[in-house]
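Please read this briefing alongside the sequence and the structure shown below. It begins with a single residue and then moves on to confidence, cores, helices and strands.

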Amino acid sequence: MTHTLRRFMLTAASVLALTAAAPALAATELTVQRFFGACDAEFGTNTDASKAVGECGIMTSLINKFNADNPDVHVTVTTVEWPGYDQLTAQFAAGDPPDIVTIHHSVLGDYQSKGLLMGLDDLLKSVGVAPSDFTEASLSGVTKDGQIYALPIDNWTMLFHINMDLFKKAGLVNADGTPKLPTSVDELMAQAKEFKEKTDKPYFVQNLANEVALYTRNLYTYLFQQDSGAFADPKLVKINTPEAKKVLEMYKAIYDNDYTTKDMDYAAGINAFLAGEGGVHLNGTWVIGDYTASSETPGTALNAGGYAVYPYPQLFSGKKAQYADGHSWAVSQKDRTPEEEAAIGKFLKFFNDNDFEWSRTGHLPAVKAVLGSEEFKALPHRDTISAVATLGTPLPSTVQRQFAIQDIIGQEMNAAVTGQKEIDAALADMESRINDLLANI
């Protein structure tokens, strides 16, 4: 063996030894914070989103799938109690926000205006996601000052979830088998009265205890249907109006006449509807998957006569509209390595590519191609709720602190509906408190 050959072999052996001793490249770590609940017991190891049901199940399965498909990236998930904004604000204040976080379109501006979120135009372009991929509603929900600040994953709204067995007993069914829905406030009250008399159950199942969001979303929908310009000036709200008074009077009459469940929180409201304790559950797009599954299970209240779901009926003569919002993934603003930014881009593209699976929750897709696909149209009940795509109306994006405003409206509306405060006083306090809030931003 020549000296040269021996030296070559020793060098080769050293390289092999170093290669064998070197650890595998560490995965890029990302922290993700989300709401939608916890369901690890059922879906903690599932990587097939098509086998999951509901927001929590599908979200958990999608993130599991992302981790399984991308060994060079590891996502650590923190699940927060809905909506989690107090915690997120505290994390930003402490300088330790998650990399990626679920955020409502209506709240995006609160964080974007303070420079806390990363503009995503370049990152999305780098992974092949174009603004033209998104529906108009979802794109407008995440665009601030001409730049995209989050990946939209859906648009959602509130709906009339209907127990068809009870509607049939009440005689509120059309000749074609569809539910008979009201077209005015007077007709709603008449149908609610007839329903109660024939079924001995309330027309509405509502979660009115420990609740502000439902009150507020109901008010927004029926203000839009009266062409109210309550939020025309984003810094000076005019909500102590005849239009708002009509809405509060309607819900107080529903409450006073026992046309609704009372003293139920969110979970109790869902259980009551699934148990057949009322005709119409006012809840969001996100329960369609769960309620459809229940209606397909023999022996359940929704299986007895069927389950139907529709947008809120038009009760006033103004614009056909109802309140809508959306969910998105936002990225916190902080220094990152190119590898970390690339990993975030992968995560966002993965969710964009899997928008159909997310739409099985009941939400409307954020991706235009999914919304128009036969696969989406074939999902249960999409034929009756598709009108939401044009009816859905958010508050103007220039209105800041929309979740704080929701708290104020919900508190004052609850006080008026349950009789703790006169309607006029509740509306005056509602307007005053909101404008005080907006004046001190």
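Ser294 lies in helix 13 (residues 288-295), where helices (H or I, at least four residues) and strands (E, at least two) are DSSP runs numbered from the N terminus. This is a predicted model, in which local features need pLDDT of at least 70 and side-chain atom pairs count only at pLDDT 80 or more, while totals for chains, interfaces and linings use all residues. Residues are numbered from 1 along each chain as its sequence is written, and side-chain values use heavy atoms, with hydrogens and water left out.

**Surroundings of Ser294**
- Ser294 counts as buried because its relative accessibility is 14%, buried meaning under 20% relative accessible area, exposed over 50% and partly exposed in between (1.4 Å probe, protein chains only).
- Leaving aside residues up to four places away in sequence, Ser294 touches Leu274, Thr300, Leu302 and Asn303, a contact being heavy atoms within 4.5 Å.

**Confidence**
- The protein chain averages a pLDDT of 93, and 94% of the residues score at least 70; pLDDT is the predictor's confidence in each residue, from 0 to 100.
- Over residues 1-23 pLDDT stays under 50, and the model has two contacts beyond four places in sequence for them.

**Nonpolar cores**
- The largest nonpolar core has 79 residues, and those with the most contacts inside it are Tyr203, Leu219, Phe231, Ile239, Tyr251 and Met413; such a core is a set of buried Ala, Val, Leu, Ile, Met, Phe, Trp, Tyr and Cys residues joined through side-chain atoms within 4.5 Å.
- A second, separate core of 51 residues includes Phe36, Tyr111, Leu151 and Phe347.

**Helix 9**
- The buried residues of helix 9 are Leu188, Met189, Gln191, Ala192, Phe195 and Thr199.
- They lie on the same side of helix 9 because they cover an arc of only 165° around the axis, the arc being that of the directions from the helix axis to the C-beta atoms.
- The face turned away from the buried side of helix 9 carries the exposed residues Asp186 and Glu197.
- Helix 8 (164-169), strand 8 (204-205) and helix 11 (242-256) are among the elements that cover the buried residues of helix 9.

**Strand 11**
- Strand 11 (residues 322-325) is covered on both faces, with Gln322 and Ala324 buried on one side and Tyr323 and Asp325 buried on the other.
- Strand 7 (residues 154-163) pairs with strand 11 in the antiparallel sense over two bridges, pairing requiring that DSSP finds at least two bridges between two strands.
- Strand 14 (residues 392-393) pairs with strand 11 in the parallel sense over two bridges, and Thr393 is the bridge partner of Tyr323.
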